[in-house]
Amino acid sequence: MLENGFVELMLRGIAETLYMTLASTAASYVIGLPMGVVLCVTGENGICPNRPLNAVLGTIVNIIRSVPFIILLVAVIPVTRFIVGTSLGSSATIVPLVIGAAPFVARLVETSLSEVSSGVIEAGRSMGASTWQLITKVLVPEAAPSLIANATTAATTILGYSAMAGFVGGGGLGAIAINYGYYRYETVTMLVTVALMVVIVQLIQSTGTATVKRSDKRKK
């Protein structure tokens with residue numbers, strides 16, 4: 001194995017893992033960010049409290065989040081086939097990753113926005129800011145460091161989810177670890193894939209931490 005395309009196999013696994021992680025994280029935020037904003041804004045202490053809307057959206061988020069990802073992978077196979085045309089490979093894995101991660105992202109966004117001081121919001125309101133302006137000019141900018149930190153958490157979580165996809169035909173390092181390291185008892189392959197996953201997590205975390213420091217106005 002070490003002599004026959006081992007390096008190429010690992011490089012392909014890294015590329016597929018990064019592709020799945022970054023694409024899924026971006027798509028999850030496209031869906032999860034607006035959901036999180038709505039959850040925060042319509043909450044009991046939000047800018048525009050709306051209990052029915054908050055309860056319905058919160059219930060949907062909680063139901064999806066309560067489903068173990070490995071079960072979700074199998075459950076959404078028909079949806080994956082409808083959208084992508086297949087349930088195998090890296091692109092197909094993005095569909096369940098987004099479905100599973102978007103509600104998680106929504107809760108992270110809600111938490112970040114809820115940390116913004118009510119005094120800052122009231123100051124914006126006193127200057128005549130509309131609801132949309134309060135969200136885009138006050139809430140999101142003030143919560144930017146927390147949003148970025150939580151985005152790092154989301155990315156590393158999605159990376160972990162992507163490894164599970166190897167059990168149902170997904171790609172990336174997770175599939176290599178399962179197909180070669182687990183099923184073929186190739187210990188070296190298993191150890192290398194685990195080490196590479198750790199390195200990727202560390203790179204994501206370091207990048208996120210550095211970005212948070214640059215965006216945090218309170219430390220400047």
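**Figure 1. The largest nonpolar core of the predicted model.** This core, a set of buried Ala, Val, Leu, Ile, Met, Phe, Trp, Tyr and Cys residues joined through side-chain atoms within 4.5 Å, has 19 residues. I47, V109, L113 and L139 have the most contacts inside it. Buried means under 20% relative accessible area, exposed over 50%, and partly exposed in between (1.4 Å probe, protein chains only). Helices α1 (6-41), α5 (90-114), α7 (131-142) and α8 (144-164) each supply at least two core residues; α5 gives the most, with 5. Helices are DSSP runs (H or I, at least four residues), numbered from the N terminus. Residues are numbered from 1 along each chain as its sequence is written, side-chain values use heavy atoms without hydrogens and water. Local features need pLDDT of at least 70 and side-chain atom pairs pLDDT 80 or more, while totals for chains, interfaces and linings use all residues.

**Figure 2. Surroundings of V109.** Leaving out residues up to four places away in sequence, V109 touches Y29, G32, L33, G36, V37 and L147; contact means heavy atoms within 4.5 Å. Another core, of 11 residues, lies apart from the largest one and includes L173, Y180, M197 and I200.

**Figure 3. Helix α8 and its buried residues.** The 21 residues of α8 reach 30 Å from first C-alpha to last, close to the 30 Å expected at 1.5 Å a residue (1.5 Å times one less than the number of residues). Among its buried residues are P145, L147, N150, I158 and L159. The buried residues of α8 pack against α1, α5, α7 and α10 (187-215).

**Figure 4. G160 in helix α8.** G160 counts as partly exposed because its relative accessibility is 32%. Between G160 and A101, the C-alpha to C-alpha distance is 11 Å, with 59 residues separating them in sequence.
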